[in-house]
Amino acid sequence: MFSTIILFLLAGLAEIGGGYLVWLWLREAKPVWYGIIGGLILMLYGIIPTFQTFPSFGRVYAAYGGVFVILSVLWGWGIDHKTPDVYDWIGALICMIGVSVMLWAPRQ
């Protein structure tokens, strides 16, 4: 379970961090190398989930979607300094519950 969580966190940071660099390049006129590095990090994001042990691509990416929501709220709070409100936290909690059910529910 520990390695699963670490891989989800690494993938999330790669996707959000890479996307953020591309955002800065295109939306805030940062140098082109922001976009290049962001693109490379996004490519890494595509590789990281392949190390998950779950047999289903769909399940891994669906569960990752919930992790992405939570990390996005935290990224906005820590990097963009936009304090989440109660509805952000409720939504993140709902996502975490959904991810937990998808990944660790007893199956045959």
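The model is predicted. The protein has 4 helices and 0 strands, arranged along the sequence as α-α-α-α.

**Overall fold**
- The C-alpha trace spans about 50 × 35 × 20 Å along its principal axes.
- The protein has 108 residues, of which 30% count as buried.
- Among contacts with a separation of 6 or more, 61% come from residues 24 or more positions apart.

**Packing of H1 and H2**
- Helix H1 covers residues 2–27 and helix H2 residues 32–47; their axes lie 7 Å apart at an angle of about 160°.
- Because angles over 145 degrees count as roughly antiparallel, H1 is roughly antiparallel to H2.
- The crossing of H1 with H2 is left-handed.
- H1 contributes Ala 11, Ala 14, Glu 15, Gly 18, Gly 19, Leu 21, Val 22, Leu 24 and Trp 25 to the contact.
- H2 contributes Val 32, Tyr 34, Gly 35, Ile 37, Gly 38, Gly 39, Ile 41, Leu 42 and Tyr 45.
- By class, this contact comprises 12 nonpolar, 5 polar and 1 charged residues.

**Setting of Gln 52**
- Gln 52 lies in the loop between H2 and helix H3, the latter spanning 57–78.
- Its relative accessibility is 8%, so Gln 52 counts as buried, the cut-off being under 20%.
- The Gln 52 side chain reaches the backbone oxygen of Thr 4 at 3.2 Å.
- Apart from neighbours within four places in sequence, Gln 52 is in contact with Thr 4, Leu 7, Phe 8 and Val 60.

Methods:
Residues numbered from 1 in each chain as written. Predicted model: local features only at pLDDT ≥ 70, side-chain atom pairs only at ≥ 80, totals over all residues. Heavy atoms only, no water. Axes fitted to C-alpha atoms, helices over the stretch in contact; angles between N-to-C directions. Helix = DSSP H or I, 4+ residues; strand = E, 2+ residues; numbered from the N terminus. Parallel < 35°, antiparallel > 145°, perpendicular 65-115°, else oblique. Left-handed = near helix turned anticlockwise from the far one by under 90°. Contact = heavy atoms within 4.5 Å. Nonpolar A, V, L, I, M, F, W, Y, C, P; charged D, E, K, R; others polar. Buried < 20%, exposed > 50% of the residue type's maximum accessible area, 1.4 Å probe, protein only. Polar contact = N/O pair within 3.5 Å; in protein donor to acceptor, adjacent residues only side chain to side chain.
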